[in-house]
Amino acid sequence: MAVLVKAFGDKPWKDDEPLECVMVVPETSDTATFTFRAPSGAWFDYQPGQFVTLDLPVPGGNVQRTYTISSSPSRPLSISVTVKAQPGSVGGRWMIDHLRPGMRLKAFGPAGIFSFVRHEAPKYLFISAGSGITPVMSMTTWAWDSGEMPDIVFVHAARSPSEIIFRQRLEGMADRVPGLQLRFTVEDSDPFRTWHGYRGRLNQIMLGLMAPDYLEREVFCCGPEPFMQAVRDMLIALGFDMDHYHQESFGAPIRTEAEAPVLDDVVPDEDSAAQITFESSGVVAKCNETDTVLAVAKANGLNIPSGCTFGLCGTCKIRKTAGEVHMVHNGGITDEDIEEGYILACCSHPIGAVSVEV
Ligand code: FES
């Protein structure tokens, strides 16, 4: 235990501390895994499948980008994100070209509700495409590290065999236990490498061969939106009970009724005036109760870093020092943070007079 405390420190990481990049590992020709540690030695507490938002100093001004954590909280000394430089991407390209060990970045989170630990089930079906493999890799590592025999069918679609991220690590795990079944499908062959697995886009017949008992499995899906839409359409057509379907989305999340936020009884009124005092900046702004704190800050020339703008990523978390807000978030803030007085500026509406530390 003393060794663990010495290695990890006694407190989990909080996002007011920048992260230091400690390792960069190429995964495929345009994808790399970046590993970060907290300079203080703090350890990382999150659910497998959650994400962090990184503040990237790209030329022309900082941008915030959200990446799923590809490492597992069962290995809490560091966190990793695996980034693909998509054509035209700004953040991913900058990371692959410029982010090196020793550099520090501001980060926000972890946040997100896409995690199998929130939906315990005897059998899982993970379906991913491209870099959407990262959250299901985190969950698979967590299942593996838990020491219990997993029952996971892991379906992944890639353009070609060499673009299957984490292939060796997954095969290393699957070679040792029968309960982790890998099912890769690719669209094209590599010119100098034969491929004996599935070919073509995932379809109903293929799914039936890959996971004959798919109707009994809890499904977690992550990939580009058209891919997830195709998976949803396919499962609905096959009569799958969509209460057991979950998808990662950096758009507004699909919620089950049980996960829907509980609304309090204070509702913003568009005819009611409000006032926000931005204490550190010395700005007092008049607004309406239907304005968000983030919008009022921007309108007054103040910069609160933001990402998703709908309460998911946690980037816009600030501390409220007085007054009341109406906040409807999507999992981007913890109950502990709320108790400590934090709010998400993008989805908080001032009720009357409010003061914040900005
Ligand atoms: S910007 Fe993502 S939670 Fe506010």
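Student: Before we start, what should I know about the numbering and the confidence limits?

Tutor: Residues are numbered from 1 along each chain as its sequence is written, and side-chain values use heavy atoms, with hydrogens and water left out. In this predicted model, local features need pLDDT of at least 70 and side-chain atom pairs count only at pLDDT 80 or more, while totals for chains, interfaces and linings use all residues.

Student: Into which domains is the chain divided?

Tutor: Domain bounds come from an automatic or database domain assignment. Here you get domain 1 (2–111), domain 2 (116–255) and domain 3 (273–356). The C-alpha centres of domain 2 and domain 3 lie 38 Å apart.

Student: How do I read a nonpolar core, and which residues touch the most other members of the largest one?

Tutor: A nonpolar core is a set of buried Ala, Val, Leu, Ile, Met, Phe, Trp, Tyr and Cys residues joined through side-chain atoms within 4.5 Å. Buried means under 20% relative accessible area, exposed means over 50%, and partly exposed is in between (1.4 Å probe, protein chains only). The largest core has 27 residues, and Phe34, Phe36, Leu54, Leu56, Val81 and Met95 touch the most other members. Two or more residues each come from β1, β2, β3, β4, β5, α2 and β6. Those labels are DSSP runs numbered from the N terminus: helices are H or I with at least four residues, strands are E with at least two.

Student: Which residues of helix α2 are buried, and what covers them?

Tutor: In α2 (residues 91–98), the buried ones are Gly91, Gly92, Trp94, Met95 and Ile96. Their cover includes β2 (31–37), β3 (51–56), β4 (63–68), β5 (79–84) and β6 (104–111). Contact means heavy atoms within 4.5 Å.

Student: How about salt bridges: what is the general idea, and how many does the structure hold?

Tutor: Side chains of opposite charge can pair when their charged atoms come close. The cut-off is a side-chain nitrogen of Lys or Arg within 4 Å of a carboxyl oxygen of Asp or Glu. The structure holds 15 salt bridges. Take Lys14 and Asp337, whose side chains meet at 3.6 Å, N to O. That pair links distant parts of the chain, 323 residues apart: Lys14 sits in the loop between α1 (2–8) and β1, Asp337 in helix α8 (residues 335–339). Lys14 is partly exposed at 40% relative accessibility, whereas Asp337 is buried at 7%.

Student: Which salt-bridge partners join into one network?

Tutor: Start with Glu216 and Lys123, which meet at 2.7 Å, N to O. Glu216 is in the loop between α5 (204–210) and β11 (218–222) and Lys123 in the loop between β6 and β7 (124–129), so the pair ties together parts 93 residues apart in sequence. Then look at Arg217 and Asp151, at 2.9 Å, N to O. Arg217 is buried, with a relative accessible area of 4%, and Asp151 is partly exposed at 26%. Salt bridges that share partners join Lys123, Asp151, Asp213, Glu216 and Arg217 into one network.
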